[in-house]
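Work through the exercises below with the model open beside you. Try each task before reading its solution.

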Amino acid sequence: MKILFIKSAAVSSGSKSTEIAELFINEVKALKPEVEIKTFDLYGMEPFPEQDRDVLNGMFKGESEPMTALEEEKSKALYGFQDDFLAADVYVIQSSLYNWALPGRLMTYLDGVMKPNITYKYTANGPQGLLENKKAIHIHGCGGIYSDGSQQEFGDSYIQFIFKLAGVELLPTIWVEGIDFNPDAYDDVMKKSRELAKEMAKKLLA
Ligand SMILES: Cc1cc2nc3c(=O)[nH]c(=O)nc-3n(C[C@H](O)[C@H](O)[C@H](O)COP(=O)(O)O)c2cc1C
(Lines give C-alpha, C1' and ligand atoms only; values in the text may rest on other atoms or scores of the structure.)
Protein backbone atom coordinates (compact mmCIF):
# COMPACT_ATOMS: atom_id res chain seq x y z
CA MET A 1 0.00 0.00 0.00
CA LYS A 2 1.40 3.37 -1.06
CA ILE A 3 0.43 6.40 1.00
CA LEU A 4 0.92 9.92 -0.27
CA PHE A 5 1.13 12.36 2.64
CA ILE A 6 0.43 15.90 1.45
CA LYS A 7 1.26 18.56 4.04
CA SER A 8 0.17 22.14 3.44
CA ALA A 9 0.59 24.07 6.69
CA ALA A 10 2.64 27.16 5.86
CA VAL A 11 4.02 27.47 9.39
CA SER A 12 7.24 25.59 10.14
CA SER A 13 6.08 24.47 13.60
CA GLY A 14 3.02 24.44 15.82
CA SER A 15 0.47 23.23 13.26
CA LYS A 16 -2.04 21.17 15.20
CA SER A 17 -3.49 19.31 12.24
CA THR A 18 0.07 18.44 11.12
CA GLU A 19 0.68 16.85 14.53
CA ILE A 20 -2.55 14.83 14.14
CA ALA A 21 -1.76 13.87 10.54
CA GLU A 22 1.71 12.67 11.57
CA LEU A 23 0.16 10.64 14.38
CA PHE A 24 -2.28 9.11 11.87
CA ILE A 25 0.61 8.15 9.58
CA ASN A 26 2.61 6.67 12.47
CA GLU A 27 -0.42 4.71 13.61
CA VAL A 28 -0.92 3.26 10.12
CA LYS A 29 2.79 2.37 10.00
CA ALA A 30 2.55 0.67 13.40
CA LEU A 31 -0.45 -1.39 12.27
CA LYS A 32 0.99 -2.20 8.84
CA PRO A 33 4.78 -1.76 8.77
CA GLU A 34 5.07 -2.61 5.07
CA VAL A 35 3.19 0.52 3.91
CA GLU A 36 5.23 2.87 1.73
CA ILE A 37 4.92 6.53 2.63
CA LYS A 38 5.90 9.42 0.40
CA THR A 39 5.62 12.89 1.89
CA PHE A 40 5.22 16.21 0.10
CA ASP A 41 5.63 19.15 2.46
CA LEU A 42 4.39 21.81 0.06
CA TYR A 43 5.70 24.81 1.99
CA GLY A 44 9.03 23.08 2.53
CA MET A 45 9.70 22.99 -1.24
CA GLU A 46 11.64 25.80 -2.86
CA PRO A 47 11.00 26.73 -5.57
CA PHE A 48 7.36 25.69 -5.73
CA PRO A 49 5.72 25.55 -9.17
CA GLU A 50 2.84 27.76 -10.22
CA GLN A 51 0.10 27.25 -12.78
CA ASP A 52 1.14 30.49 -14.43
CA ARG A 53 1.04 32.07 -17.88
CA ASP A 54 3.97 30.03 -19.21
CA VAL A 55 2.37 26.77 -18.07
CA LEU A 56 -1.03 27.56 -19.59
CA ASN A 57 0.40 29.07 -22.79
CA GLY A 58 2.39 25.85 -23.18
CA MET A 59 -0.69 23.70 -22.53
CA PHE A 60 -2.74 25.43 -25.22
CA LYS A 61 -0.04 25.04 -27.85
CA GLY A 62 -0.97 21.37 -28.13
CA GLU A 63 0.77 19.38 -30.85
CA SER A 64 0.92 22.21 -33.38
CA GLU A 65 3.73 24.28 -31.93
CA PRO A 66 6.57 23.25 -29.60
CA MET A 67 6.69 24.70 -26.09
CA THR A 68 9.50 27.08 -25.24
CA ALA A 69 12.15 25.69 -22.90
CA LEU A 70 10.70 27.75 -20.03
CA GLU A 71 7.13 26.53 -20.69
CA GLU A 72 8.34 22.96 -20.75
CA GLU A 73 10.40 23.30 -17.59
CA LYS A 74 7.55 24.93 -15.64
CA SER A 75 4.95 22.44 -16.95
CA LYS A 76 7.12 19.50 -15.92
CA ALA A 77 7.56 20.93 -12.44
CA LEU A 78 3.80 21.31 -11.86
CA TYR A 79 2.39 18.34 -13.75
CA GLY A 80 5.31 16.17 -12.62
CA PHE A 81 3.41 15.79 -9.32
CA GLN A 82 1.06 13.44 -11.19
CA ASP A 83 3.34 10.37 -11.22
CA ASP A 84 3.37 9.98 -7.44
CA PHE A 85 -0.27 11.01 -7.21
CA LEU A 86 -1.44 8.33 -9.64
CA ALA A 87 0.80 5.68 -8.06
CA ALA A 88 -0.68 6.18 -4.57
CA ASP A 89 -3.40 4.02 -3.02
CA VAL A 90 -4.14 6.40 -0.16
CA TYR A 91 -4.01 10.18 0.15
CA VAL A 92 -3.53 11.81 3.54
CA ILE A 93 -4.20 15.52 3.08
CA GLN A 94 -3.24 17.88 5.89
CA SER A 95 -4.46 21.45 5.57
CA SER A 96 -4.82 24.54 7.70
CA LEU A 97 -7.83 26.79 7.12
CA TYR A 98 -6.55 30.08 5.67
CA ASN A 99 -9.06 32.76 4.72
CA TRP A 100 -11.92 30.25 4.82
CA ALA A 101 -10.24 28.03 2.26
CA LEU A 102 -7.17 25.89 1.54
CA PRO A 103 -3.55 27.08 1.59
CA GLY A 104 -2.57 28.42 -1.86
CA ARG A 105 0.10 25.78 -2.52
CA LEU A 106 -2.38 22.98 -1.86
CA MET A 107 -4.72 24.49 -4.47
CA THR A 108 -1.77 24.71 -6.89
CA TYR A 109 -0.79 21.11 -6.14
CA LEU A 110 -4.38 20.02 -6.86
CA ASP A 111 -4.28 22.03 -10.11
CA GLY A 112 -1.24 19.95 -11.00
CA VAL A 113 -2.75 16.54 -10.30
CA MET A 114 -6.51 16.78 -10.81
CA LYS A 115 -6.83 16.86 -14.59
CA PRO A 116 -9.50 15.97 -17.15
CA ASN A 117 -8.90 12.57 -18.79
CA ILE A 118 -6.44 11.68 -16.01
CA THR A 119 -8.40 11.87 -12.76
CA TYR A 120 -11.89 12.40 -14.25
CA LYS A 121 -13.56 12.63 -17.63
CA TYR A 122 -16.61 14.40 -18.96
CA THR A 123 -19.47 12.17 -20.12
CA ALA A 124 -23.00 12.86 -21.38
CA ASN A 125 -24.11 12.26 -17.78
CA GLY A 126 -21.59 14.63 -16.21
CA PRO A 127 -18.06 14.09 -14.92
CA GLN A 128 -16.92 10.58 -14.05
CA GLY A 129 -14.00 9.63 -11.79
CA LEU A 130 -11.07 7.76 -13.31
CA LEU A 131 -9.23 6.78 -10.11
CA GLU A 132 -10.19 3.36 -8.80
CA ASN A 133 -9.67 1.64 -5.45
CA LYS A 134 -8.14 4.66 -3.79
CA LYS A 135 -8.95 6.23 -0.44
CA ALA A 136 -8.30 9.63 1.10
CA ILE A 137 -8.54 11.31 4.45
CA HIS A 138 -8.55 15.05 5.08
CA ILE A 139 -7.08 16.33 8.35
CA HIS A 140 -8.05 19.98 8.63
CA GLY A 141 -6.95 22.57 11.22
CA CYS A 142 -9.31 25.52 11.71
CA GLY A 143 -9.35 28.48 14.09
CA GLY A 144 -13.12 28.40 14.50
CA ILE A 145 -15.64 25.55 14.52
CA TYR A 146 -17.01 24.47 11.16
CA SER A 147 -17.67 20.72 11.33
CA ASP A 148 -21.13 21.26 12.82
CA GLY A 149 -22.15 23.35 9.80
CA SER A 150 -22.84 26.45 11.92
CA GLN A 151 -20.26 28.41 9.89
CA GLN A 152 -19.23 28.01 6.28
CA GLU A 153 -15.71 27.25 5.03
CA PHE A 154 -14.49 26.08 1.64
CA GLY A 155 -11.46 23.95 2.52
CA ASP A 156 -13.01 20.64 3.45
CA SER A 157 -15.90 21.06 1.01
CA TYR A 158 -13.41 21.49 -1.85
CA ILE A 159 -11.34 18.46 -0.84
CA GLN A 160 -14.52 16.38 -0.59
CA PHE A 161 -15.70 17.62 -3.98
CA ILE A 162 -12.49 17.18 -5.96
CA PHE A 163 -11.54 13.75 -4.56
CA LYS A 164 -15.09 12.40 -5.02
CA LEU A 165 -15.07 13.76 -8.56
CA ALA A 166 -11.93 11.69 -9.20
CA GLY A 167 -13.64 8.56 -7.81
CA VAL A 168 -11.70 8.44 -4.54
CA GLU A 169 -13.42 7.12 -1.40
CA LEU A 170 -13.07 9.55 1.51
CA LEU A 171 -12.90 8.58 5.17
CA PRO A 172 -14.56 11.06 7.54
CA THR A 173 -12.56 14.28 7.92
CA ILE A 174 -10.63 14.84 11.14
CA TRP A 175 -11.37 18.44 12.14
CA VAL A 176 -8.78 19.90 14.52
CA GLU A 177 -10.78 23.00 15.23
CA GLY A 178 -11.80 25.78 17.55
CA ILE A 179 -8.58 26.24 19.51
CA ASP A 180 -7.80 29.77 18.25
CA PHE A 181 -11.17 31.03 19.37
CA ASN A 182 -11.11 29.06 22.64
CA PRO A 183 -7.53 28.28 23.73
CA ASP A 184 -8.84 26.49 26.86
CA ALA A 185 -10.18 23.79 24.55
CA TYR A 186 -6.64 22.81 23.43
CA ASP A 187 -6.33 19.65 25.55
CA ASP A 188 -9.84 18.40 24.75
CA VAL A 189 -9.60 19.08 21.03
CA MET A 190 -6.18 17.46 20.72
CA LYS A 191 -7.21 14.44 22.81
CA LYS A 192 -10.32 13.89 20.68
CA SER A 193 -8.35 14.38 17.47
CA ARG A 194 -5.66 11.90 18.56
CA GLU A 195 -8.30 9.30 19.39
CA LEU A 196 -10.05 9.89 16.08
CA ALA A 197 -6.76 9.61 14.18
CA LYS A 198 -6.13 6.20 15.77
CA GLU A 199 -9.69 5.09 14.97
CA MET A 200 -9.39 6.27 11.36
CA ALA A 201 -6.03 4.49 10.93
CA LYS A 202 -7.78 1.22 11.88
CA LYS A 203 -10.71 2.04 9.59
CA LEU A 204 -8.36 2.72 6.67
CA LEU A 205 -6.79 -0.72 6.99
CA ALA A 206 -10.02 -2.63 7.78
C1 LIG B 1 -3.11 33.29 7.24
C2 LIG B 1 -4.14 32.67 8.15
C3 LIG B 1 -5.48 32.71 7.80
C4 LIG B 1 -6.44 32.16 8.65
N5 LIG B 1 -7.75 32.19 8.28
C6 LIG B 1 -8.69 31.61 9.08
C7 LIG B 1 -10.07 31.61 8.72
O8 LIG B 1 -10.46 32.08 7.66
N9 LIG B 1 -10.95 31.05 9.56
C10 LIG B 1 -10.56 30.46 10.74
O11 LIG B 1 -11.40 29.96 11.46
N12 LIG B 1 -9.26 30.44 11.10
C13 LIG B 1 -8.34 31.00 10.29
N14 LIG B 1 -7.01 30.96 10.66
C15 LIG B 1 -6.62 30.23 11.86
C16 LIG B 1 -6.14 28.82 11.52
O17 LIG B 1 -7.09 28.13 10.74
C18 LIG B 1 -5.86 28.08 12.80
O19 LIG B 1 -4.74 28.66 13.43
C20 LIG B 1 -5.65 26.61 12.62
O21 LIG B 1 -5.35 26.03 13.85
C22 LIG B 1 -4.54 26.31 11.64
O23 LIG B 1 -4.42 24.92 11.52
P24 LIG B 1 -3.17 24.12 12.05
O25 LIG B 1 -2.82 24.65 13.43
O26 LIG B 1 -3.67 22.75 12.09
O27 LIG B 1 -2.08 24.33 11.04
C28 LIG B 1 -6.05 31.53 9.85
C29 LIG B 1 -4.67 31.49 10.18
C30 LIG B 1 -3.73 32.06 9.35
C31 LIG B 1 -2.28 31.96 9.72
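Ala, Val, Leu, Ile, Met, Phe, Trp, Tyr, Cys and Pro count as nonpolar, Asp, Glu, Lys and Arg as charged, and the others, Gly among them, as polar. The model is predicted: local features need pLDDT of at least 70, side-chain atom pairs count only at pLDDT 80 or more, and totals for chains, interfaces and linings use all residues. Residues are numbered from 1 along each chain as its sequence is written.

**Exercise 1. Helix 1**

Task: compare the span of helix 1 with its expected value, then find what its buried residues pack against.

Solution. Helix 1 covers residues 16-31, 16 residues in total. From first C-alpha to last it reaches 23 Å, close to the 22 Å expected at 1.5 Å a residue. The expected span is 1.5 Å times one less than the number of residues.

Now burial. A residue is buried if 20 or more other C-beta atoms lie within 10 Å of its own, exposed if 12 or fewer, and partly exposed in between; C-beta atoms are placed from the backbone. In helix 1 the buried residues are K16, S17, T18, E19, I20, A21, F24, I25 and V28. They pack against strand 1 (2-7), strand 2 (36-41), strand 3 (90-96), strand 6 (135-142), strand 8 (174-177) and helix 7 (186-205). Contact here means C-beta atoms, placed from the backbone, within 7 Å.

**Exercise 2. A helix pair**

Task: how are helix 2 and helix 3 oriented to each other, parallel or perpendicular?

Solution. Two packed helices are described by the angle between their axes and the distance between the axes. Take helix 2 (residues 53-61) and helix 3 (residues 69-79): their axes come within 8 Å and cross at roughly 100°. Axes are lines fitted to C-alpha atoms, for helices over the stretch in contact, and angles run from 0 to 180 degrees between N-to-C directions. Angles under 35 degrees count as roughly parallel, over 145 as roughly antiparallel, 65 to 115 as roughly perpendicular and the rest as oblique. Helix 2 and helix 3 are therefore roughly perpendicular.

Then list the contacts. Helix 2 brings D54, V55, N57, G58 and M59; helix 3 brings L70, E71, E72, K74, S75 and L78. By class, this contact has four nonpolar, three polar and four charged residues.

**Exercise 3. Two isoleucines**

Solution. I137 sits in strand 6. Q94 is 43 residues away in sequence but 8.6 Å away from I137, C-alpha to C-alpha.

I162 belongs to helix 6 (residues 155-165).

**Exercise 4. Loops and backbone geometry**

Solution. The cis bond joins E46 and P47, with omega about -5°. P47 is in the loop between strand 2 and helix 2.

W100 is not a glycine, yet its phi is about 65°. It lies in the loop between strand 3 and helix 5 (104-113). W100 has 13 other C-beta atoms within 10 Å, so it is partly exposed.

N117, also not a glycine, has a phi of about 70°. Its loop runs between helix 5 and strand 4 (120-123). With 8 C-beta neighbours inside 10 Å, N117 counts as exposed.

Notes:
Helix = DSSP H or I, 4+ residues; strand = E, 2+ residues; numbered from the N terminus. Contact = placed C-beta atoms within 7 Å.
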